[in-house]
Amino acid sequence: MATGDLELAALTKRYGDTTAVDAIDLKVPKGTYCCLLGPSGCGKSSTLRMIAGHETVTSGDIVLSGQNITDAPPARRGTAMMFQNYALFPHLSVIDNVAFSLKMKGVGKSERRARAGELLELVDMSARADRLPSQLSGGQQQRVALARALVTDPQILLLDEPLSALDPFLRERMRSELKGFQRRLGITFIHVTHSQDEALALADLVIVMNDATIQQAGTARDVFDAPRNEFVARFMGGHNILQKDGGPVAVRADRIAVGRGKAGLGARLSGVEYLGTTVKLALDAGAAGDLTALVPDAAFFSDPLSLGDEVTLSWDAADEHQLAG
């Protein structure tokens, strides 16, 4: 295994009779931005905490750079963790927060402050080095937490829902910054999230989890365009599930054409949501169930529909993606 690669082999975590992570296998190459994505309780945070060493492993192995770190203490794993609430020390300045772990390792004051200063420069926080956390915005606190996690030169940075506390505008800006930091540093980021948009925007490798197992692993485009099963298709969103003779198929909502009086599947318009560049249409297709179509805003408003209108739905056969039964 190349230096920096991470491998999980039959990794399992049980809490009494409850299985939180069930014998998962995963390989994450060095330098990958990997998102563990799934609903609450699916096992993603337990997986992250086992990699960090903050949860014991029930069975299985964690291998980093060819070394088995399953039972190693957190400080000797080559990983660092950035917590959801940032966990900054309120009584320490920004630079002392960043340098704290080096202080605990016995690194001299001038050396540790110099290293902390380098990381603050990386995250554009040098001008606020002497401030307290309470004097910073949420986005600034996140940058400080990122610098503190990176100060020990980890091979892997572990991020536990780092954007969930931010408002939507800042969340979008900060996810762009996270991706930029990861590219500049060239190290592996493993990021836990329940946000499909976040995973699609950030990840080189998306790991969709549910019921303590990995449902699908692949690039963001592969997972969205070619969901493996009905759970992945529904969880990723933007897909309709239809039952056909060959089993269930997924059809993307933006591939469904909505017309009036043409050949196709009959449906009744039951909801309209204006999303800016697109309009989301909720459709009652009878025996086919509730379906969704996304149409360009210009197309919708050139010939707008009203609630209750009868329409027909059509799509190309090539846009049907077969799902595992």
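Here is a short exchange about how terms apply to this predicted model.

User: What are the ground rules?

Analyst: This is a predicted model, where local features need pLDDT of at least 70 and side-chain atom pairs count only at pLDDT 80 or more, while totals for chains, interfaces and linings use all residues. Residues are numbered from 1 along each chain as its sequence is written, and side-chain values use heavy atoms, with hydrogens and water left out.

User: Why is Asp297 called partly exposed?

Analyst: Its relative accessible area is 27%. Asp297 sits in helix H9, residues 297–302.

User: What does Asp297 touch, leaving out residues up to four places away in sequence?

Analyst: Contact means heavy atoms within 4.5 Å. Asp297 touches Tyr274, Gly276, Thr277, Thr278 and Val279.

User: How do you know that strands E6 and E7 pair?

Analyst: Two strands pair if DSSP finds at least two bridges between them. E6 and E7 have 4 bridges, in the parallel sense, so they meet the rule. Thr79 stands opposite Ile156 in E7.

User: What joins E7 to strand E8?

Analyst: 5 bridges join them, and the two strands run parallel. The chain crosses from E7 through helix H5 (residues 168–185) to E8, in a right-handed β-α-β crossover. Right-handed means that, with the strands pointing away from the viewer, the path from the first strand over the helix to the second runs clockwise.

User: What makes a space a pocket?

Analyst: The grid is 1 Å, over the protein atoms alone. A 1.4 Å probe that fits but cannot get out marks a cavity; a pocket is an open set with protein on both sides within 12 Å along at least five of seven lines. Lining residues have an atom within 4 Å of a point.

User: Which residues lie nearest the centre of the largest pocket?

Analyst: Thr79, Ala80, Met81, Ser101 and Thr152 do, out of 24 lining residues. E6 gives the most to this lining, with 4 residues.

Key: Buried < 20%, exposed > 50% of the residue type's maximum accessible area, 1.4 Å probe, protein only.
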